[in-house]
Amino acid sequence: MNHRAWMRSQGFTPEVFDGRPVIGIATTWSEFAPCNVHLQRVAESVKKGVWQAGGFPLEFPAMALGETLLRPTAMLYRNLLAMEAEELIRANPMDGVVLLSGCDKTTPGLLMAASSVGLPAIMVTGGPMLNGKYQGTDVGSGTAVWRWEEDLLAGRMTEAECAFAEGCMARSNGHCMTMGTASTMASMAEALGMQLPYSATWPAVDARRYETAQRAGQRIVDMVENDLTPDKIMTRDAFENAIRVNAAIGGSTNAVIHLLAIAGRLGVQLELDDFDTLIRDVPTLVNLQPSGKYLMEDFCYAGGLPAVMRELGGLLHTSALTVTGATMGENVKDAPTWNRDVIMSMDQPFQGAGTGTAVLRGNLAPDGAVIKQSASSPHLLKHRGRALVFDSPEAYHRVAADEDLDVDEDTVLIIRYCGPKGYPGMPETANVPLPAKLLKRGVKDLVRICDGRMSGTAYGTVVLHVAPEAAAGGPLALVKTGDWITLDVPARTLSLDVTDEELAARRAAWTPPRRTATRGWTWLYTEHVQQADTGCDLDFLRGKSGAQVGRDPH
Ligand code: FES
(Lines give C-alpha, C1' and ligand atoms only; values in the text may rest on other atoms or scores of the structure.)
Protein backbone atom coordinates (compact mmCIF):
# COMPACT_ATOMS: atom_id res chain seq x y z
CA MET A 1 0.00 0.00 0.00
CA ASN A 2 2.86 2.33 0.80
CA HIS A 3 4.34 1.91 -2.69
CA ARG A 4 1.01 2.22 -4.47
CA ALA A 5 -0.31 5.21 -2.51
CA TRP A 6 2.73 7.34 -3.23
CA MET A 7 2.66 6.43 -6.92
CA ARG A 8 -1.01 7.38 -7.06
CA SER A 9 -0.08 10.85 -5.82
CA GLN A 10 0.98 11.43 -9.44
CA GLY A 11 -2.60 10.82 -10.60
CA PHE A 12 -2.27 7.22 -11.82
CA THR A 13 -5.36 5.02 -11.59
CA PRO A 14 -5.07 1.71 -9.68
CA GLU A 15 -5.09 -0.23 -12.99
CA VAL A 16 -1.39 0.59 -13.45
CA PHE A 17 -0.72 -2.05 -10.77
CA ASP A 18 -2.49 -4.82 -12.68
CA GLY A 19 0.68 -6.79 -13.38
CA ARG A 20 2.15 -4.60 -16.11
CA PRO A 21 5.93 -4.55 -16.45
CA VAL A 22 7.39 -1.32 -15.11
CA ILE A 23 9.53 0.35 -17.76
CA GLY A 24 12.04 2.93 -16.61
CA ILE A 25 12.95 5.67 -19.06
CA ALA A 26 16.41 7.02 -18.25
CA THR A 27 16.64 10.49 -19.73
CA THR A 28 19.71 12.65 -19.93
CA TRP A 29 18.12 15.99 -20.80
CA SER A 30 19.23 19.31 -19.36
CA GLU A 31 19.32 22.90 -20.50
CA PHE A 32 23.08 22.67 -19.91
CA ALA A 33 23.18 19.89 -22.52
CA PRO A 34 21.64 21.49 -25.63
CA CYS A 35 22.10 18.33 -27.71
CA ASN A 36 19.75 16.46 -25.34
CA VAL A 37 17.23 19.13 -24.46
CA HIS A 38 14.48 17.62 -26.64
CA LEU A 39 14.70 14.23 -24.92
CA GLN A 40 11.74 15.26 -22.78
CA ARG A 41 9.60 15.11 -25.92
CA VAL A 42 11.25 11.87 -27.05
CA ALA A 43 10.36 10.38 -23.66
CA GLU A 44 6.69 11.25 -24.23
CA SER A 45 6.76 9.21 -27.45
CA VAL A 46 8.44 6.29 -25.67
CA LYS A 47 5.71 6.40 -23.02
CA LYS A 48 2.98 6.18 -25.68
CA GLY A 49 4.59 3.00 -26.98
CA VAL A 50 4.96 1.48 -23.50
CA TRP A 51 1.29 2.16 -22.69
CA GLN A 52 0.21 0.73 -26.07
CA ALA A 53 2.09 -2.50 -25.37
CA GLY A 54 0.70 -2.89 -21.86
CA GLY A 55 3.60 -1.57 -19.78
CA PHE A 56 3.78 1.12 -17.10
CA PRO A 57 6.35 3.80 -18.09
CA LEU A 58 8.15 5.89 -15.50
CA GLU A 59 10.71 8.48 -16.53
CA PHE A 60 13.72 9.29 -14.38
CA PRO A 61 16.69 11.64 -14.84
CA ALA A 62 20.27 10.54 -15.29
CA MET A 63 23.24 12.91 -15.54
CA ALA A 64 23.13 15.04 -18.65
CA LEU A 65 26.64 15.50 -20.01
CA GLY A 66 26.81 18.46 -22.37
CA GLU A 67 30.03 18.31 -24.33
CA THR A 68 30.34 22.01 -25.01
CA LEU A 69 29.87 23.36 -21.49
CA LEU A 70 31.11 20.82 -18.96
CA ARG A 71 34.49 21.58 -17.42
CA PRO A 72 37.21 20.39 -17.66
CA THR A 73 35.76 17.78 -20.05
CA ALA A 74 32.57 15.73 -20.21
CA MET A 75 34.74 12.62 -20.33
CA LEU A 76 35.62 13.14 -16.66
CA TYR A 77 31.96 12.39 -15.92
CA ARG A 78 31.13 9.52 -18.30
CA ASN A 79 31.88 6.98 -15.59
CA LEU A 80 29.91 8.99 -13.03
CA LEU A 81 26.86 8.89 -15.33
CA ALA A 82 27.42 5.16 -15.81
CA MET A 83 27.67 4.61 -12.05
CA GLU A 84 24.66 6.80 -11.26
CA ALA A 85 22.44 5.25 -13.93
CA GLU A 86 23.51 1.72 -12.95
CA GLU A 87 22.47 2.29 -9.36
CA LEU A 88 19.21 4.00 -10.35
CA ILE A 89 18.23 1.15 -12.68
CA ARG A 90 19.05 -1.41 -10.01
CA ALA A 91 17.58 0.40 -7.00
CA ASN A 92 14.24 1.40 -8.51
CA PRO A 93 11.66 -1.33 -9.07
CA MET A 94 11.71 -1.60 -12.86
CA ASP A 95 11.59 -4.60 -15.19
CA GLY A 96 13.20 -3.02 -18.22
CA VAL A 97 14.70 0.31 -19.23
CA VAL A 98 14.73 2.66 -22.20
CA LEU A 99 17.95 4.67 -22.46
CA LEU A 100 17.63 8.19 -23.89
CA SER A 101 20.93 9.74 -24.91
CA GLY A 102 22.41 12.06 -27.51
CA CYS A 103 25.49 14.13 -26.73
CA ASP A 104 28.78 12.23 -26.92
CA LYS A 105 29.24 10.63 -23.49
CA THR A 106 25.59 10.00 -22.69
CA THR A 107 25.33 7.08 -25.11
CA PRO A 108 28.31 5.04 -23.83
CA GLY A 109 27.57 6.03 -20.21
CA LEU A 110 24.05 4.62 -20.36
CA LEU A 111 25.12 1.50 -22.26
CA MET A 112 27.79 0.83 -19.63
CA ALA A 113 25.18 1.22 -16.88
CA ALA A 114 22.64 -1.09 -18.52
CA SER A 115 25.36 -3.67 -19.19
CA SER A 116 26.31 -3.83 -15.52
CA VAL A 117 22.69 -4.33 -14.40
CA GLY A 118 21.55 -6.74 -17.08
CA LEU A 119 17.82 -5.90 -17.25
CA PRO A 120 16.29 -5.78 -20.75
CA ALA A 121 17.30 -2.41 -22.23
CA ILE A 122 16.79 -0.53 -25.47
CA MET A 123 18.42 2.72 -26.51
CA VAL A 124 16.90 5.70 -28.29
CA THR A 125 19.41 8.37 -29.24
CA GLY A 126 18.11 11.89 -29.79
CA GLY A 127 19.22 12.20 -33.40
CA PRO A 128 21.43 14.70 -35.20
CA MET A 129 20.70 18.37 -35.86
CA LEU A 130 19.66 19.49 -39.33
CA ASN A 131 22.56 20.47 -41.59
CA GLY A 132 24.16 23.80 -40.74
CA LYS A 133 23.80 26.41 -43.48
CA TYR A 134 26.26 29.30 -43.96
CA GLN A 135 26.64 31.51 -47.03
CA GLY A 136 24.80 29.03 -49.20
CA THR A 137 26.82 26.01 -48.16
CA ASP A 138 26.35 23.18 -45.67
CA VAL A 139 28.47 23.46 -42.54
CA GLY A 140 29.08 20.75 -40.00
CA SER A 141 28.88 21.38 -36.28
CA GLY A 142 32.24 20.97 -34.66
CA THR A 143 34.14 20.50 -37.91
CA ALA A 144 33.38 24.06 -39.06
CA VAL A 145 34.42 25.39 -35.66
CA TRP A 146 37.95 24.04 -36.07
CA ARG A 147 38.23 25.53 -39.55
CA TRP A 148 36.81 28.92 -38.57
CA GLU A 149 39.12 29.06 -35.55
CA GLU A 150 42.10 28.60 -37.86
CA ASP A 151 40.63 31.12 -40.34
CA LEU A 152 40.30 33.66 -37.53
CA LEU A 153 43.91 33.06 -36.39
CA ALA A 154 45.18 33.35 -39.95
CA GLY A 155 43.20 36.56 -40.57
CA ARG A 156 40.93 35.00 -43.22
CA MET A 157 37.79 35.65 -41.18
CA THR A 158 36.73 38.60 -38.99
CA GLU A 159 35.25 38.28 -35.50
CA ALA A 160 31.95 39.67 -36.82
CA GLU A 161 31.84 36.97 -39.51
CA CYS A 162 32.54 34.33 -36.85
CA ALA A 163 29.73 35.64 -34.64
CA PHE A 164 27.29 35.43 -37.56
CA ALA A 165 28.50 31.99 -38.56
CA GLU A 166 27.94 30.51 -35.11
CA GLY A 167 24.19 31.13 -35.44
CA CYS A 168 24.09 29.23 -38.72
CA MET A 169 25.69 26.06 -37.50
CA ALA A 170 23.58 24.55 -34.70
CA ARG A 171 20.12 25.54 -35.93
CA SER A 172 17.84 22.81 -34.57
CA ASN A 173 17.51 20.34 -31.73
CA GLY A 174 19.85 17.39 -31.87
CA HIS A 175 23.47 16.40 -31.45
CA CYS A 176 26.36 17.29 -33.76
CA MET A 177 25.53 16.34 -37.34
CA THR A 178 28.99 15.51 -38.59
CA MET A 179 30.26 11.97 -38.09
CA GLY A 180 31.58 13.11 -34.72
CA THR A 181 31.44 11.17 -31.50
CA ALA A 182 27.69 11.55 -30.91
CA SER A 183 26.76 10.35 -34.42
CA THR A 184 29.40 7.65 -34.15
CA MET A 185 28.14 6.35 -30.81
CA ALA A 186 24.52 6.48 -31.99
CA SER A 187 25.65 4.37 -34.96
CA MET A 188 27.57 2.06 -32.63
CA ALA A 189 24.43 1.55 -30.50
CA GLU A 190 22.54 0.59 -33.65
CA ALA A 191 25.38 -1.61 -34.98
CA LEU A 192 25.60 -3.36 -31.61
CA GLY A 193 21.91 -4.14 -31.95
CA MET A 194 20.86 -1.97 -29.01
CA GLN A 195 18.64 0.48 -30.88
CA LEU A 196 16.07 0.04 -33.62
CA PRO A 197 17.16 0.23 -37.27
CA TYR A 198 17.48 3.83 -38.55
CA SER A 199 17.48 5.21 -34.99
CA ALA A 200 20.97 6.63 -35.38
CA THR A 201 20.19 8.78 -38.37
CA TRP A 202 16.67 10.22 -38.23
CA PRO A 203 17.23 13.96 -37.63
CA ALA A 204 16.20 15.08 -34.14
CA VAL A 205 13.28 17.09 -35.51
CA ASP A 206 12.05 14.45 -37.97
CA ALA A 207 8.65 12.93 -37.16
CA ARG A 208 10.14 9.48 -37.72
CA ARG A 209 12.48 10.03 -34.75
CA TYR A 210 9.35 10.21 -32.57
CA GLU A 211 7.72 7.29 -34.34
CA THR A 212 10.85 5.21 -33.71
CA ALA A 213 10.84 6.26 -30.05
CA GLN A 214 7.24 5.07 -29.79
CA ARG A 215 8.21 1.74 -31.37
CA ALA A 216 11.07 1.43 -28.87
CA GLY A 217 8.49 1.82 -26.09
CA GLN A 218 6.48 -1.02 -27.59
CA ARG A 219 9.56 -3.20 -28.04
CA ILE A 220 10.88 -2.92 -24.50
CA VAL A 221 7.66 -4.44 -23.13
CA ASP A 222 8.10 -7.41 -25.42
CA MET A 223 11.81 -7.62 -24.54
CA VAL A 224 10.88 -7.87 -20.85
CA GLU A 225 8.44 -10.67 -21.59
CA ASN A 226 11.14 -12.53 -23.51
CA ASP A 227 13.99 -11.65 -21.12
CA LEU A 228 16.02 -10.19 -23.99
CA THR A 229 18.91 -8.80 -21.97
CA PRO A 230 21.97 -6.74 -23.11
CA ASP A 231 24.39 -9.67 -22.74
CA LYS A 232 22.37 -11.63 -25.33
CA ILE A 233 22.68 -8.74 -27.78
CA MET A 234 26.12 -7.22 -27.10
CA THR A 235 28.20 -10.33 -27.74
CA ARG A 236 31.72 -10.50 -29.15
CA ASP A 237 30.12 -10.81 -32.62
CA ALA A 238 28.13 -7.63 -32.05
CA PHE A 239 31.28 -5.73 -31.03
CA GLU A 240 33.09 -6.99 -34.12
CA ASN A 241 30.16 -5.72 -36.19
CA ALA A 242 30.35 -2.33 -34.47
CA ILE A 243 34.11 -2.02 -35.03
CA ARG A 244 33.71 -2.79 -38.74
CA VAL A 245 30.75 -0.45 -39.11
CA ASN A 246 32.79 2.29 -37.41
CA ALA A 247 35.45 1.89 -40.08
CA ALA A 248 32.84 1.94 -42.86
CA ILE A 249 31.25 5.16 -41.61
CA GLY A 250 34.57 6.93 -40.90
CA GLY A 251 33.57 7.11 -37.23
CA SER A 252 35.27 8.81 -34.31
CA THR A 253 38.35 7.46 -32.55
CA ASN A 254 36.41 7.97 -29.33
CA ALA A 255 34.46 4.82 -30.22
CA VAL A 256 37.61 2.85 -29.42
CA ILE A 257 37.56 3.97 -25.79
CA HIS A 258 33.81 3.68 -25.34
CA LEU A 259 33.42 0.24 -26.93
CA LEU A 260 36.30 -1.10 -24.82
CA ALA A 261 34.58 0.26 -21.71
CA ILE A 262 31.17 -1.25 -22.59
CA ALA A 263 32.79 -4.60 -23.39
CA GLY A 264 34.59 -4.44 -20.04
CA ARG A 265 31.23 -4.17 -18.27
CA LEU A 266 29.87 -7.23 -20.10
CA GLY A 267 32.98 -9.37 -19.75
CA VAL A 268 33.37 -9.53 -23.54
CA GLN A 269 37.01 -10.03 -24.51
CA LEU A 270 37.91 -7.03 -26.66
CA GLU A 271 41.43 -5.67 -27.17
CA LEU A 272 42.77 -2.41 -28.52
CA ASP A 273 44.41 -4.29 -31.39
CA ASP A 274 40.98 -5.57 -32.52
CA PHE A 275 40.28 -2.03 -33.72
CA ASP A 276 43.14 -2.37 -36.20
CA THR A 277 43.11 -6.02 -37.25
CA LEU A 278 39.33 -6.28 -37.73
CA ILE A 279 39.12 -3.32 -40.12
CA ARG A 280 42.00 -3.99 -42.50
CA ASP A 281 39.57 -5.33 -45.09
CA VAL A 282 36.85 -2.72 -44.44
CA PRO A 283 36.66 0.29 -46.79
CA THR A 284 35.14 3.60 -45.77
CA LEU A 285 31.76 3.72 -47.50
CA VAL A 286 30.21 6.86 -46.08
CA ASN A 287 31.23 10.25 -47.43
CA LEU A 288 30.61 12.35 -44.31
CA GLN A 289 32.47 15.16 -42.58
CA PRO A 290 35.03 15.34 -41.03
CA SER A 291 36.61 12.83 -43.42
CA GLY A 292 34.27 13.57 -46.33
CA LYS A 293 31.68 16.00 -47.64
CA TYR A 294 28.18 15.32 -46.35
CA LEU A 295 26.33 15.46 -43.02
CA MET A 296 24.03 13.19 -41.02
CA GLU A 297 20.86 14.57 -42.59
CA ASP A 298 22.21 13.53 -45.99
CA PHE A 299 23.22 10.15 -44.56
CA CYS A 300 19.65 9.64 -43.34
CA TYR A 301 18.08 10.44 -46.71
CA ALA A 302 20.67 8.24 -48.47
CA GLY A 303 19.56 5.16 -46.55
CA GLY A 304 21.09 5.43 -43.07
CA LEU A 305 23.04 2.82 -41.20
CA PRO A 306 21.03 -0.22 -42.42
CA ALA A 307 22.12 0.57 -45.99
CA VAL A 308 25.77 0.55 -44.88
CA MET A 309 25.35 -2.70 -42.96
CA ARG A 310 23.65 -4.34 -45.92
CA GLU A 311 26.50 -3.16 -48.13
CA LEU A 312 29.09 -4.65 -45.76
CA GLY A 313 27.27 -7.95 -46.12
CA GLY A 314 29.64 -10.83 -45.51
CA LEU A 315 32.03 -8.73 -43.44
CA LEU A 316 29.47 -8.69 -40.61
CA HIS A 317 28.09 -11.37 -38.32
CA THR A 318 24.57 -11.31 -39.71
CA SER A 319 23.28 -13.73 -37.07
CA ALA A 320 23.86 -11.26 -34.22
CA LEU A 321 20.64 -10.73 -32.25
CA THR A 322 19.17 -7.23 -31.90
CA VAL A 323 16.51 -5.41 -29.88
CA THR A 324 14.01 -6.07 -32.66
CA GLY A 325 14.08 -9.74 -31.66
CA ALA A 326 15.39 -10.49 -35.15
CA THR A 327 18.99 -10.80 -36.29
CA MET A 328 21.02 -7.96 -37.69
CA GLY A 329 21.00 -9.65 -41.09
CA GLU A 330 17.20 -9.92 -41.08
CA ASN A 331 16.90 -6.25 -40.08
CA VAL A 332 18.99 -4.89 -42.96
CA LYS A 333 18.51 -7.42 -45.78
CA ASP A 334 16.19 -5.15 -47.78
CA ALA A 335 17.68 -1.79 -46.79
CA PRO A 336 17.87 0.43 -49.89
CA THR A 337 20.55 2.99 -50.76
CA TRP A 338 19.17 6.15 -52.35
CA ASN A 339 22.30 8.21 -52.93
CA ARG A 340 25.57 6.59 -54.00
CA ASP A 341 27.53 9.79 -53.51
CA VAL A 342 26.81 9.60 -49.77
CA ILE A 343 26.79 5.84 -49.17
CA MET A 344 29.21 4.30 -51.60
CA SER A 345 29.51 0.67 -52.61
CA MET A 346 32.08 -1.96 -51.71
CA ASP A 347 33.19 -1.88 -55.36
CA GLN A 348 33.65 1.88 -55.44
CA PRO A 349 34.20 2.94 -51.82
CA PHE A 350 34.82 6.44 -50.56
CA GLN A 351 38.23 5.34 -49.28
CA GLY A 352 39.95 2.00 -49.74
CA ALA A 353 40.18 -0.74 -47.15
CA GLY A 354 42.40 -0.14 -44.17
CA THR A 355 42.05 3.64 -44.01
CA GLY A 356 40.27 3.65 -40.64
CA THR A 357 41.79 3.64 -37.19
CA ALA A 358 45.33 2.30 -36.91
CA VAL A 359 46.80 1.12 -33.61
CA LEU A 360 50.44 2.13 -33.16
CA ARG A 361 53.02 0.72 -30.80
CA GLY A 362 56.64 1.45 -30.05
CA ASN A 363 58.87 2.80 -27.29
CA LEU A 364 56.77 5.97 -27.19
CA ALA A 365 53.49 4.08 -26.74
CA PRO A 366 54.20 0.61 -25.26
CA ASP A 367 50.50 0.00 -24.55
CA GLY A 368 49.33 1.53 -27.81
CA ALA A 369 48.12 4.73 -29.43
CA VAL A 370 45.64 5.33 -32.24
CA ILE A 371 45.47 7.48 -35.35
CA LYS A 372 42.51 8.10 -37.63
CA GLN A 373 44.01 7.60 -41.06
CA SER A 374 41.03 8.95 -42.97
CA ALA A 375 41.36 12.31 -41.18
CA SER A 376 45.15 12.44 -41.66
CA SER A 377 47.27 13.91 -44.44
CA PRO A 378 48.63 11.02 -46.53
CA HIS A 379 52.09 12.61 -46.85
CA LEU A 380 52.49 12.66 -43.05
CA LEU A 381 51.61 9.03 -42.38
CA LYS A 382 55.32 8.21 -42.70
CA HIS A 383 57.21 11.03 -41.07
CA ARG A 384 60.36 11.79 -39.09
CA GLY A 385 60.67 15.09 -37.29
CA ARG A 386 61.95 16.86 -34.22
CA ALA A 387 59.72 17.14 -31.16
CA LEU A 388 58.39 20.42 -29.85
CA VAL A 389 57.04 19.55 -26.40
CA PHE A 390 54.35 21.23 -24.28
CA ASP A 391 53.21 19.99 -20.87
CA SER A 392 49.64 21.23 -21.37
CA PRO A 393 47.45 22.54 -24.18
CA GLU A 394 47.34 25.86 -22.32
CA ALA A 395 51.15 26.15 -22.47
CA TYR A 396 50.96 25.64 -26.23
CA HIS A 397 48.11 28.10 -26.73
CA ARG A 398 50.13 30.80 -24.94
CA VAL A 399 52.78 30.72 -27.67
CA ALA A 400 50.81 29.44 -30.68
CA ALA A 401 50.59 32.92 -32.20
CA ASP A 402 54.27 33.71 -31.54
CA GLU A 403 56.07 34.52 -34.78
CA ASP A 404 59.38 33.45 -33.20
CA LEU A 405 58.18 29.95 -32.26
CA ASP A 406 60.85 27.48 -33.40
CA VAL A 407 58.59 25.35 -35.59
CA ASP A 408 58.37 24.27 -39.22
CA GLU A 409 56.26 21.86 -41.27
CA ASP A 410 58.41 18.88 -40.17
CA THR A 411 57.99 19.55 -36.46
CA VAL A 412 56.23 16.92 -34.35
CA LEU A 413 54.10 18.78 -31.85
CA ILE A 414 53.68 17.00 -28.51
CA ILE A 415 50.94 17.97 -26.10
CA ARG A 416 51.16 15.79 -22.98
CA TYR A 417 49.71 15.35 -19.48
CA CYS A 418 46.26 15.25 -21.13
CA GLY A 419 45.46 11.61 -20.31
CA PRO A 420 42.76 10.25 -18.01
CA LYS A 421 44.74 10.91 -14.83
CA GLY A 422 46.76 13.83 -16.12
CA TYR A 423 44.28 16.54 -16.99
CA PRO A 424 42.21 14.80 -15.47
CA GLY A 425 39.51 13.30 -17.69
CA MET A 426 41.37 12.98 -21.00
CA PRO A 427 40.04 16.05 -22.83
CA GLU A 428 39.78 16.49 -26.58
CA THR A 429 42.87 18.65 -26.78
CA ALA A 430 45.05 16.65 -29.14
CA ASN A 431 44.08 18.49 -32.31
CA VAL A 432 45.43 21.89 -31.25
CA PRO A 433 45.33 24.44 -34.06
CA LEU A 434 48.58 24.83 -35.96
CA PRO A 435 50.96 27.64 -34.97
CA ALA A 436 49.81 30.91 -36.58
CA LYS A 437 53.23 31.26 -38.24
CA LEU A 438 52.67 28.04 -40.21
CA LEU A 439 49.03 28.77 -41.00
CA LYS A 440 50.04 32.07 -42.60
CA ARG A 441 52.55 30.16 -44.74
CA GLY A 442 49.73 27.91 -45.92
CA VAL A 443 50.74 24.82 -43.94
CA LYS A 444 47.59 22.75 -43.45
CA ASP A 445 48.70 19.91 -41.18
CA LEU A 446 51.40 18.89 -38.72
CA VAL A 447 52.04 15.62 -36.90
CA ARG A 448 50.71 16.00 -33.39
CA ILE A 449 51.05 13.44 -30.57
CA CYS A 450 48.99 13.49 -27.40
CA ASP A 451 47.84 11.27 -24.55
CA GLY A 452 44.45 12.98 -24.75
CA ARG A 453 41.62 12.55 -27.22
CA MET A 454 40.51 14.33 -30.36
CA SER A 455 36.98 15.42 -31.09
CA GLY A 456 35.28 13.14 -33.56
CA THR A 457 34.50 16.24 -35.60
CA ALA A 458 38.17 17.15 -35.99
CA TYR A 459 40.78 16.27 -38.57
CA GLY A 460 44.55 16.20 -38.89
CA THR A 461 47.48 13.81 -38.53
CA VAL A 462 47.09 13.40 -34.81
CA VAL A 463 48.33 10.44 -32.76
CA LEU A 464 45.95 10.00 -29.83
CA HIS A 465 45.34 8.01 -26.66
CA VAL A 466 49.06 7.37 -26.07
CA ALA A 467 49.28 4.75 -23.33
CA PRO A 468 50.54 4.77 -20.71
CA GLU A 469 49.88 8.50 -20.43
CA ALA A 470 52.58 10.93 -19.29
CA ALA A 471 51.03 11.42 -15.84
CA ALA A 472 51.15 7.66 -15.25
CA GLY A 473 54.86 7.60 -16.11
CA GLY A 474 54.55 6.68 -19.78
CA PRO A 475 57.55 7.36 -22.03
CA LEU A 476 55.73 10.40 -23.45
CA ALA A 477 56.73 12.16 -20.21
CA LEU A 478 60.42 11.64 -21.07
CA VAL A 479 60.49 13.31 -24.50
CA LYS A 480 62.52 16.52 -24.79
CA THR A 481 62.17 19.26 -27.38
CA GLY A 482 64.56 18.49 -30.20
CA ASP A 483 64.31 14.67 -29.91
CA TRP A 484 63.74 12.85 -33.19
CA ILE A 485 60.43 11.01 -33.50
CA THR A 486 59.48 8.54 -36.22
CA LEU A 487 55.86 7.88 -37.15
CA ASP A 488 55.28 4.99 -39.53
CA VAL A 489 51.57 4.26 -39.81
CA PRO A 490 51.90 1.54 -42.50
CA ALA A 491 54.27 -0.31 -40.12
CA ARG A 492 52.08 0.65 -37.12
CA THR A 493 55.01 2.10 -35.17
CA LEU A 494 55.66 5.24 -33.17
CA SER A 495 59.19 5.58 -31.87
CA LEU A 496 61.35 8.01 -30.00
CA ASP A 497 64.88 7.92 -31.38
CA VAL A 498 66.58 7.99 -27.99
CA THR A 499 68.67 5.16 -26.53
CA ASP A 500 67.32 2.97 -23.76
CA GLU A 501 70.15 4.18 -21.49
CA GLU A 502 69.22 7.80 -22.04
CA LEU A 503 65.53 7.03 -21.45
CA ALA A 504 66.43 5.23 -18.21
CA ALA A 505 68.43 8.26 -17.05
CA ARG A 506 65.53 10.58 -17.88
CA ARG A 507 63.12 8.30 -16.05
CA ALA A 508 65.30 8.37 -12.93
CA ALA A 509 65.16 12.18 -13.01
CA TRP A 510 61.40 12.36 -13.69
CA THR A 511 58.99 13.26 -10.92
CA PRO A 512 55.28 12.55 -11.30
CA PRO A 513 53.05 15.62 -11.38
CA ARG A 514 51.31 16.53 -8.15
CA ARG A 515 47.67 15.40 -8.10
CA THR A 516 45.48 18.44 -7.57
CA ALA A 517 42.26 16.68 -6.50
CA THR A 518 42.21 15.71 -2.81
CA ARG A 519 38.53 14.85 -2.42
CA GLY A 520 35.27 14.20 -4.24
CA TRP A 521 34.62 12.69 -7.63
CA THR A 522 37.82 13.94 -9.27
CA TRP A 523 39.92 12.30 -6.53
CA LEU A 524 38.00 9.02 -6.88
CA TYR A 525 38.37 9.20 -10.66
CA THR A 526 42.12 9.86 -10.71
CA GLU A 527 42.74 7.14 -8.14
CA HIS A 528 40.86 4.47 -10.07
CA VAL A 529 40.67 5.39 -13.76
CA GLN A 530 42.26 2.92 -16.15
CA GLN A 531 44.30 3.80 -19.21
CA ALA A 532 42.96 4.46 -22.69
CA ASP A 533 43.94 1.05 -24.05
CA THR A 534 41.29 -0.58 -21.84
CA GLY A 535 38.58 2.07 -22.10
CA CYS A 536 39.16 4.52 -19.21
CA ASP A 537 36.61 2.89 -16.93
CA LEU A 538 37.14 2.92 -13.17
CA ASP A 539 38.80 -0.32 -12.09
CA PHE A 540 36.04 -1.16 -9.59
CA LEU A 541 33.23 -0.57 -12.11
CA ARG A 542 34.30 -3.14 -14.69
CA GLY A 543 32.04 -6.18 -14.81
CA LYS A 544 28.43 -6.46 -13.71
CA SER A 545 26.45 -7.01 -10.51
CA GLY A 546 23.02 -7.98 -11.81
CA ALA A 547 19.67 -6.41 -11.01
CA GLN A 548 19.21 -7.57 -7.44
CA VAL A 549 19.63 -5.27 -4.45
CA GLY A 550 20.07 -5.86 -0.75
CA ARG A 551 21.93 -8.40 1.30
CA ASP A 552 22.66 -11.85 0.06
CA PRO A 553 20.37 -14.01 2.26
CA HIS A 554 23.08 -16.65 2.40
FE1 FES B 1 26.79 17.46 -28.12
FE2 FES B 1 28.54 17.63 -30.25
S3 FES B 1 28.30 18.96 -28.55
S4 FES B 1 27.13 16.11 -29.75
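Good morning. Residues are numbered from 1 along each chain as its sequence is written, and side-chain values use heavy atoms, with hydrogens and water left out. Because the model is predicted, local features need pLDDT of at least 70 and side-chain atom pairs count only at pLDDT 80 or more, while totals for chains, interfaces and linings use all residues.

I begin with the pocket. Rolling a probe the size of a water molecule over the atoms shows where empty space is left. On a 1 Å grid over the protein atoms alone, a pocket is an open set of points where a 1.4 Å probe fits, with protein on both sides within 12 Å along at least five of seven lines. Lining residues have an atom within 4 Å of a point. The largest pocket has a volume of about 960 Å³, where a volume is the space filled by probe spheres set on the points, and grid points are joined across faces, edges and corners. It is lined by 41 residues, and those closest to its centre are Glu-67, Thr-68, Trp-146, Glu-428 and Ser-455. Helix 5 (143-153), helix 6 (159-169), helix 7 (181-191) and helix 16 (393-399) are the elements that give two or more residues to this lining. Helices (H or I, at least four residues) and strands (E, at least two) are DSSP runs, numbered from the N terminus.

Next, the cores. A nonpolar core is a set of buried Ala, Val, Leu, Ile, Met, Phe, Trp, Tyr and Cys residues joined through side-chain atoms within 4.5 Å. Buried means under 20% relative accessible area, exposed over 50%, and partly exposed in between, with a 1.4 Å probe and protein chains only. The largest core has 136 residues, of which Leu-99, Phe-239 and Phe-299 touch the most other members. Helix 11 (residues 254-266) gives the largest share of this core, nine residues. Another core, of 31 residues, lies apart from it and includes Leu-360, Ala-369, Val-389 and Ile-485.

I turn to strand 12 (residues 462-467), where six of six residues are buried. Two strands pair if DSSP finds at least two bridges between them. Strand 11 (residues 447-450) pairs with strand 12 in the parallel sense over two bridges, and the partner of Arg-448 is Val-462.

Why is helix 7 described as largely enclosed by the rest of the structure? The reason is that eleven of its eleven residues are buried. These buried residues pack against helix 4 (106-117), strand 4 (121-125), helix 10 (236-249), helix 11, helix 13 (296-302) and helix 14 (304-312). After helix 7 comes Gly-193, with a positive phi near 95°.

Some single residues remain. Is Lys-105 buried or exposed? Lys-105 counts as buried, because its relative accessibility is 0%. Lys-105 is placed in the loop between strand 3 (96-101) and helix 4. Contact means heavy atoms within 4.5 Å, and, not counting residues up to four places away in sequence, Lys-105 touches residues including Glu-67, His-258, Glu-428 and Arg-453.

Two residues other than glycine have a positive phi. Gln-135, with phi of about 50°, is in the loop between strand 5 (132-134) and strand 6 (137-139), and is exposed at a relative accessible area of 64%. Asp-227, with phi near 50°, is in the loop between helix 8 (207-225) and helix 9 (230-233), and is partly exposed at 41%.

Finally, the cis peptide bonds. The bond from Arg-71 to Pro-72 is cis, with omega near -5°, and Pro-72 lies in the loop between strand 2 (56-61) and helix 3 (75-91). The bond from Ala-467 to Pro-468 is also cis, with omega near -5°, and Pro-468 is in the loop between strand 12 and strand 13 (484-488). Thank you for your attention.
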